[in-house]
Amino acid sequence: MKRGSIIGYDLNENTCQISYYNEKNDEPKTLEFAPNESLIPLKLGYKDEQWVYGREAEELELEDGTCVVSDLFKRAVSQKKVRIGEKVHDAVWLLAKFIGLTLEDFEDIRYITFSTPYTTIDLSKMLRGIGRHLGIDKENIYVQDYKEGFCQYMFYQPKELWQYESAMFFCDGQTIKAYMLRRMNVANGQNRDMFVTVDEVASAKIQEMEAIYPVLNREKARSADESFRLFIQNVFEKKVVSSVYLTGAAFENKWYPNSLKVLCNGRRAFVGNNLYSKGACYTAMRRYRNYNEGPVYLDDTRMTEQISLRMRVGGKEGWYPIVAWGTHWYEADGQWEVILEDTSDIEIHVETLAGDDLQVEKVSLEGLEERRDYSLRLRIEVMFLDEKTCKMIFQDVGFGEFFKASDFRAEKVIHLGGINGQFNSMS
């Protein structure tokens, strides 16, 4: 295995970054293509029948801009056509080519998580399609936004760093944004799971930033430092914050000594640029290990319902989720095969985090022939028609050479409350 088979891939409009993990490492590592250089410019070029990317594409752009494409992320999301030299390509194909070139050092990729500034259904489908084009199984491809990336990163940090709220400040040289990771109190207070979310709590344009980055101007730096210090105090007012993370290229210059004193007052502060790629790698690690313990991340795009069936797994009987809360409805489709003890009606439980009500649905197995010795095997398929409508299909698939599949098939449509208004009812 070359480098690692579990990948976290940070992708935005300007750069990409790769963190990876294999069984020999205790922690994910971030790929460097030069000493202390891990951010790869999102540029792709073609000349003399050869594709180049990143820094090489930047150098080619200086020679001949018609051979290089920029704004690749934005163009792919918009499904544009792009001309490079004499040929016109789909931007999605070009983005797939870029991603493939950046991952050439990895021999056998089994799990990958893409971390992007935002997520949509179309963006998720596009990146999943690119992952499959790279030869990765579709169930091993995940897409998350930067807020979830911050959350997943924090899950693997010492607990004292997120004992209370944890803050992240992002600065690109023009705008500063503040995010807070916090635990949630859900209406269903008896639930044993811990739920967390990340809120964007403040943003501001600091005029002096343009003057001090990348060339430092002392007078402007002092003014920017004072503006940032006041911004921090406003964000931290009446909050107990355990740790602070500074991300973005603008924080590489140490122009904020007075602000840093406020940040470090009773809490630990960290500066770095690989939080999102490592957060993505941690997500891929969780999926690789099939690790479902720990906090559940929620935001206003995720389901606050959980659909469970009573099953015996590993000799232990209980209610097991086939659709877990915190899932995007457009990623919740799945298929399982189960062995029945008898032909009693199947009971389905739908729990909601927005209240204590338990929705109980039943599926009749009338018409399914009796079989002995646990030889009744059903395929259960779950598909979401939209965010509020889940369709479940139960079908007899027989039992090997002993019993052929019958024509039994039952369907159940479950109407959910949807995400609108439910997430905001929790705090």
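Biologist: What makes the contact between Glu337 and Arg377 a salt bridge?

Modeller: In this predicted model, the side chains of Glu337 and Arg377 approach to 2.5 Å, N to O. A salt bridge requires a side-chain nitrogen of Lys or Arg within 4 Å of a carboxyl oxygen of Asp or Glu, so the pair Glu337 and Arg377 qualifies. The two residues lie 40 residues apart, Glu337 in strand β20 and Arg377 in strand β23.

Biologist: Why is Arg377 called partly exposed?

Modeller: Arg377 has a relative accessibility of 21%. Buried means under 20% and exposed over 50%, so Arg377 counts as partly exposed.

Biologist: What makes the contact of Arg409 with Glu411 a salt bridge?

Modeller: The closest N and O atoms of Arg409 and Glu411 are 2.9 Å apart, and this value is within 4 Å, so the pair Arg409 and Glu411 meets the criterion.

Biologist: Why is Arg409 described as partly exposed?

Modeller: The relative accessibility of Arg409 is 45%. Exposed would require over 50% and buried under 20%, so Arg409 is partly exposed.

Definitions and conventions
Residues are numbered from 1 along each chain as its sequence is written. This is a predicted model: local features need pLDDT of at least 70, side-chain atom pairs count only at pLDDT 80 or more; totals for chains, interfaces and linings use all residues. Side-chain values use heavy atoms; hydrogens and water are left out. Helices (H or I, at least four residues) and strands (E, at least two) are DSSP runs, numbered from the N terminus. Buried means under 20% relative accessible area, exposed over 50%, partly exposed in between (1.4 Å probe, protein chains only).
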